[in-house]
Amino acid sequence: MSPRKTRLRKMEINHREVSFPEGVTVLRAAELNDVYIPSLCSHKDLTPFGGCRMCIVEIEGMRGYPLACSTVAAEGMKVLTDTAAVREMRKEILQLILSEHPASCLICDEKTECRENQFTIRKAGVTTGCQNCPNDGQCELQEVVEKVGLTDIEYPVYYRGYEAEHDDPFFDRDYNMCILCGRCVRMCQEVRGTGVLAFKFRGPLAQIGPAFAKSHVEAGCEFCGACVSVCPTGALADKVSKWDGQPDGFELSTCPFCGLGCQIELYHKDGRLSKVHPNLDPVVNDGQLCVRGRFSLPEATHHHTRARKPMLRRGKYFREVTWNEALDDVAEKLKGLKPADFLMVVSGDLTNESLYTAQKFVRTCLKSNSIDSTARDLLPGGPGLWAKLFSLPISIKGLREADAIIAVGLDSRFYFSVAGVEIRHALKDGAALITIDPRDSNLARYTNYWLQPTPGQEGAVLKAIANNIRRATDFSPRGAAGKDIAKKTGVDKVLLEEAIGALSAGEHLAVLLGPTVFEYNANEDLVDALLKLAGRKNTSFLPLYNGANTRGVLELGALGEVLPGVAKAKGQGLSLADVISSRAKPKVLYLVGEVPFFERPDCDYIIAQDIYYPPFEIDAFLPAASFAEAEGTLTNVEGRVQELVQIEDLPDGAVAGFMRPDWYIFSRLAERLNSREFKYKSARAVLKEISKTVPGYPAKPNRKPRRLASKAKLPVEKRKAPVAGTGPYLLIAEPAGFGHRGIDLSSKVEGLEELALEEGFRLNPDDLQKLQIEPGENIAISINKLTVTGPTKADAECPHGAIYYYRPVALGGLEQRANLEPLYRLRASPVKVKARAAKATGKKAKKKAASRKIPMAASTL
Amino acid sequence: MAFEPVLMKHVNVPNSTALTVYKSDGGYEGAAKALKMKPDEVVDLVKQANLRGRGGAGFPAGIKWGFLPPDREVTYLCVNADESEPPTFCNRITIETDPHMLLEGILIAGYATKTTIAYIYMRGEFTEQFHILQKAIDEACAAGYFGKNILGSGYDLECYIHRGAGAYVCGEETGLIESLEGKRGWPRIKPPFPAVEGAFHKPTVVNNVETLACLPHILTRGVEWFTSLGTETSAGPKMYCVSGPVNRPGCYEAPLGISCRELIYGEDFGQGMRDGKKVKVVLPGGLSMGALRGDMFPKNPNPDQPDPKQDYDELDCILDFDDVRRYDLLGLGTAAAVVVPEDVDIREVLVNITRFYALESCGQCTQCREGTMWMYQIAQRLRAGAGRVCDLNLLVEISQNLGMMPGLSICGLSDGGGWPVRNLVQKFRKEFEQRIAEQGADAAARRIKEINPAAYESPIRGYQAAEVHP
């Protein structure tokens, strides 16, 4: 639907004629005309609640005192917002609200002096007044009290005496301060569509929380923080920034954690990032975020293990050096290297500027194509396929307009939850959702058809759909799915046909691809399906890969065989897969924001340029600036070139550190290698150069969605790999964890640690019973001659006959997962395996495990 | 008295819940008659009869049906059997003794409003009554009064019972709809009114049990008979309940318009007070409608010009939809009078009333949630002998905020909570002031403890220990 022009209507507010767009409430009409009506429970995104009763007004011809928030404004209405009676009544109502809110500071005679000469401890255990409330100065209630002009409360302050809730990660809840405006509940139910929060009990005992006294984690909370953002009081507060006080201001920036590129407001206090709020940006996230974007940023950049200084290995010691010393040393090592002796690995999380400078550095200074990125694994089918997919119109908001949605291998609870919100909005408008996922997911709760193929066959199901879908309402899909498809994928034939019928009825089809499907070895069917759907009218894709700038990696040529603008490179250098499989052994390995190994690979010299140290020994470390400390741009999945804003601008020093943007480090190294092509003064200058090299790339941050225009046609890689191994079970690697620049954020962000997915194998409880393994006991899995043991977990979401394990998307910062490491090295999924209960159980095994831990700990010291 | 009961004609008739007994007495004839008319003719008939809703507000049922959009596709009929106004039990008696009369009323109302599905929202505590009504529905279905093509008219109606989970606010029509939809039982913002967008976003009619029970009789006996009963603006029979220390408490049927005194002292009704006591307070319409002064006060010698400073006996109030307003009552309510004798402390009455609303407020609107709680706290304080005269003013102020003006809260619960409190305080102010004057010397000390026990005992557990949580 195109946005219709709304007609303007006229009404009278306080004897003044004003105009307002048709269909808004009186409150909104007043707001648009700069008339203040106090209100606590209304919110622009939410349906009227009418609970706080602060917005009562007088309307001519209406009985009593109607609510501005729930009365729709009409032509010729005469509204009085500030009569004596209304004012008096508002004061009374506000007093009643405050009578159950610890608000004595509001009316205290000495509040100004108290604030100035505050000598009580601010971090009080119990909030008894504004002075020790985390929301002091940012509180909507304070604002309303001031505007209404309340100076006295007739009721004694009544403290409800609930215990503050600190158990769940990320945000604290103290419902003693809650005024029961219901914004959080409506946010959770209406906008997010999760329905975790609800009202409990009634009357004066009414309280907010998940039903049946569950914790938020148990109740399925996505930890999106939308409830915290809309809370008008200090009842809900971020754990990290709770006591930072009123922020100095905020800058609009882009979330650096995934390809959706949500717009965020970075609040800063005293030059440091304090907290993150979603921006009400209408094209990407519309005021919504996921757990990573909402809560993880401050801790991700401020963690105490943050590497802030250049380091060099000198003999036995790994010690701090100056930037010049470090750069000289690194440049010396890079001089005169043969292409086969060097490999640079870049992360898909770097900025466009850094990616471009990285590939330029390798190609001009070192004269090789030995650059590779982990983004290659995130984009199966090779650059050719993705160049084609990215040249299609991709739209996140387009999901809302779709009337048929296919979601493949996606669980939007913690990952891409903004896309999940869009799906639920589309469903509300009557769209049909088909999920293709062997595992139960949070979307399976809402789906019309849940096609549950055997793991690895998602592509085949999608192909069957792509081949048979017709755009017609009266299309009968009977016979659309052959018997062989049903047999091959394990999906019920009738169900598949019904799903195809439901999809055919829709006009706009949206296809979402979750990260799980990109992990499989065989991708022929998936690639076929995507190519087929790519030619279809009114079809939009939304590939949800890990990595914030994976599209940028492809467009800017940070892969060996691709030049900027997706052109073909002459000759190919080393690749990461060569090094991992020990086919190649470079002398110098340059890791830029990426940690693709658990242990130090066999190299002479390893340079790491990152925001945290990698978990193995390195020879040189160059501290990179994080998303908050440097300017730059990121290319999101739709091709928008969105800005990262520098908000931390602290001078170099022992505490603040000596971090530099990646592109800056490359430029200085290039100078030392006698190159004159790296005279960039700012990130903007790099972007300007990119716009000259890459067709269609903007010279300034530009939030227009952009179709990729490739210079050359690259081949599409189709891998037809039969499922390896023998045995009755399928072993599937599921990408998981919260990766950023090669680091698993769960090691840095306290709350994510609680949500992080534990090591081990997850099986359906029935399978565990069949194998006679209790949940938690060890299982031995043999793949050909390799045997791996690990703990088990009963997971009813897993299909029968499948064993799932998490393959971390980032290895850095993770605890050494010694026993699963062979699996990560294997890089095969799915694999047929044999499984049995591990023999060594009981005390002996525990002892063994304990004894193994000690030398490991010692080695890390 | 020549009045022949119709709504309660089967009380004390053996096996009156059976279909055969009901049919032997002209049962389902009204429905048969209605099904031969056009739906709009039935609506007009009910409009002519001026059948006013018996649930409390007295809104004419025919006009309510007329609000339904004419081009609607689906209509739902919700029967409000969530009888939870404190001293009221007339719907229970209808369901217990004459379930088929209700079902016939549903059939007529359903036909008139072109409803295809009727839901009976039944109070959760009605266990026995649920089984009686369910049995009656099964019987009626088997006899062809519900289901497809009823009595060969081509009209289909299904009837289901939905049992509530016990909340006063679910008796409010939008609260009832929310609860019926499976949500938290609390009222919706109006507009849109249920007639436009009600249950499951479809036009919905909500009618009380007694309103529907009147319908068969309007059809069989005619509009003239109906309007001949009662007063000019309030027509028809009504089931009055009387409880308290009267000689014969119970539910009695009478034409609308008997006086409160008749209800208490009449031979056919309460038959006077037990032990010859005098009446102090009567709450004649359920708790919410307000209070009348009893006959322990002198009669007003000059009824046309009452002296506002004097307290007079108000039992001459006529219990119909309009006269009650002359005595500062909110409305007729459920016409269930609770009588308080002269030897009861007025403060006990106040505590009892405020406690009910504090516990039953749903917690959505601020004034109701906080106001009912404060009224209860202040009432407790007064009872404990720790009151002040200014507390009385505070009570009046809160109760005015609660809902003296319509539209100050989403539903009528807060109006109903505030009205009797204000009534009691204003009408019995002299007694309150006298009680306050009689308080002991330690009143001030007690007062502090009564305000906020939490401040004096354990800060966290004190609140829970307070009487707000019985």
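How are helices α6(B) and α9(B) oriented to each other: roughly parallel or roughly perpendicular?

## Two packed helices in chain B

The structure discussed here is a predicted model. In chain B, helix α6 covers residues 99–112 and helix α9 covers residues 209–228. The two helices pack with their axes 7 Å apart, at an angle of about 80°. Angles of 65 to 115 degrees count as roughly perpendicular, and α6(B) and α9(B) are therefore roughly perpendicular to each other.

The residues that α6(B) brings to this contact are M101(B), L102(B), E104(B), G105(B), I106(B), I108(B) and A109(B). They meet V209(B), L212(B), A213(B), L215(B), P216(B), H217(B) and L219(B) in α9(B). By type, the residues of the contact of α6(B) with α9(B) comprise 11 nonpolar, two polar and one charged.

## The interface between chains A and B

Chain A contributes 36 residues to the contact between the chains, and chain B contributes 37 residues. Together the two chains bury about 3,400 Å², of which 58% lies on carbon and sulfur atoms. Within chain A, the residues that lose the most area to chain B are Y158(A), R202(A) and P204(A), which together account for 21% of what that side buries.

Between chain A and chain B there are 11 residue pairs in polar contact, with both residues at pLDDT 80 or more. On the side of chain A that touches chain B, the elements giving two or more residues are α2 (84–98) and β6 (197–200) of chain A. Of the elements of chain A, α2(A) gives the most to this side, with five residues. The residues on this side of chain A divide into 21 nonpolar, seven polar and eight charged.

## Salt bridges between and within chains

Side chains of opposite charge can pair when their charged atoms come close. How many salt bridges are counted between chain A and chain B? The count is one salt bridge. In a salt bridge, the side chain of R202(A) meets that of E360(B), with a distance of 3.1 Å from N to O. R202(A) is also among the residues of chain A that lose the most area to chain B.

Over all chains, the count comes to 78 salt bridges. One salt bridge joins the side chains of D238(A) and R294(A), at 3.1 Å from N to O. This pair links distant parts of the chain, as D238(A) and R294(A) are 56 residues apart. D238(A) lies in strand β8 (residues 236–238) of chain A, whereas R294(A) lies in helix α7 (residues 291–295) of chain A.

How values were computed. Residues numbered from 1 in each chain as written. Chains lettered and ligands numbered in written order. Predicted model: local features only at pLDDT ≥ 70, side-chain atom pairs only at ≥ 80, totals over all residues. Heavy atoms only, no water. Axes fitted to C-alpha atoms, helices over the stretch in contact; angles between N-to-C directions. Helix = DSSP H or I, 4+ residues; strand = E, 2+ residues; numbered from the N terminus. Parallel < 35°, antiparallel > 145°, perpendicular 65-115°, else oblique. Contact = heavy atoms within 4.5 Å. Nonpolar A, V, L, I, M, F, W, Y, C, P; charged D, E, K, R; others polar. Buried area = accessible area lost by both parts, 1.4 Å probe. Salt bridge = Lys/Arg side-chain N within 4 Å of Asp/Glu carboxyl O. Polar contact = N/O pair within 3.5 Å; in protein donor to acceptor, adjacent residues only side chain to side chain.
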